[in-house]
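Trainee: I would like to go through the aromatic pairs. Can we test each label against its cut-off?

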Amino acid sequence: MSSTAVRADCAADRAGTLTFDLTDLTDLPDPAPAPASVLLLRRRGAAGRKPGGTVRIPLSRSGSGRLRAVLPAATELPEGRWDAYVEEPGSEPAETVVEPGLRDLRALVDRCPDTGATSVSARIPYPTLDGRLAVRCWVRAPHAEAGAVVPGPSGMTAEGVLYGVEAGEGAVVEARLPGEPTRVHRFPLAAPDGPSGAFVFTLLFTELVTGPVREEQLWQLWLVPAEGVRGVRISRILDDVWSRNTSFVYPARPAADGVLATPCYTADNDLCVRLAPADR
């Protein structure tokens, strides 16, 4: 197998267990894995995270005769992006890149964990830009899950659900500009009728413009449950979309003369507001 390309079909259940069924892409007859071959997940290095880390998942024959690896929901998988390989043992272990096949992620859509949970995790298999299979994993404790985002003429209203902590008196949403700790704008948080932990807020774009906007500014949105309590990043991770920055596009609105504001998501699914000169 070390000299062949391998494709994996993936399926997820609502608990977070991932099943990988491997298919050989060559005409070789039903190659058997060497003893102790595994599906290897290796975490990429990223800003703010330690590089590396591996998880080895045993390969076995499924009922259909394919090679199968199962990553149980209970397996610890730190937040990040994990690339998939098949590893065969030996004095010099051989690694084969895994390509994405069919992905059945229907069970991940609109998940609603218990709001009393101390943490929320999500794992989504996805194809990388260079044609490999990877798994995007989030582990948030606590977590603020973004829901509907509705842009208006002068601002935006967003709904969501807070997990792992309760919003109390003085709860706000903070718009923060990275690298400039003194530039923070606060917007009141409301708790509408609905499920436990539900919240809603309205953000006015004009309040983010406190000076000239000569280049793009990406304002991060954080939910502060109460005065003196650490903020919780507002993100959307409880579905089957591994990167929302190009798939969820909202209209731009005037924030000031020559400045446009646009709600947006980052590649890591964090909710933000982008300010940019109108001529760009």
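Predicted model: local features only at pLDDT ≥ 70, side-chain atom pairs only at ≥ 80, totals over all residues.

Trainee: Why is the pair of Tyr 126 and Trp 242 called stacked?
Mentor: The ring centres of Tyr 126 and Trp 242 are 5.8 Å apart, and pairing needs them within 6.5 Å.

Trainee: Where in the chain do Tyr 126 and Trp 242 lie?
Mentor: Tyr 126 is in strand β9, and Trp 242 is in the loop between β17 and β18. They are 116 residues apart.

Trainee: What makes Tyr 126 buried?
Mentor: Its relative accessibility is 4%. The cut-off for buried is under 20%, so Tyr 126 qualifies. Trp 242, at 25%, is partly exposed, because that class runs between 20% and 50%.

Trainee: Why is the pair of Phe 248 and Tyr 265 called edge-to-face?
Mentor: The planes of Phe 248 and Tyr 265 are 85° apart, with centres at 6.1 Å. Edge-to-face needs over 60 degrees, so the term applies.

Trainee: Is Tyr 265 buried or exposed?
Mentor: Tyr 265 is buried, at 2% relative accessible area. Phe 248 is partly exposed, at 26%.

Trainee: How do you know that Arg 244 lies over the face of Phe 248?
Mentor: Arg 244 is at 4.0 Å from the ring centre of Phe 248. The distance limit is within 6 Å. Arg 244 also lies over the face of Tyr 265, at 5.4 Å from the ring centre.

Note on methods: Residues numbered from 1 in each chain as written. Heavy atoms only, no water. Phe/Tyr/Trp six-rings, centres within 6.5 Å; stacked < 30°, edge-to-face > 60°. Helix = DSSP H or I, 4+ residues; strand = E, 2+ residues; numbered from the N terminus. Buried < 20%, exposed > 50% of the residue type's maximum accessible area, 1.4 Å probe, protein only. Lys NZ or Arg CZ within 6 Å of the ring centre and 35° of its normal.
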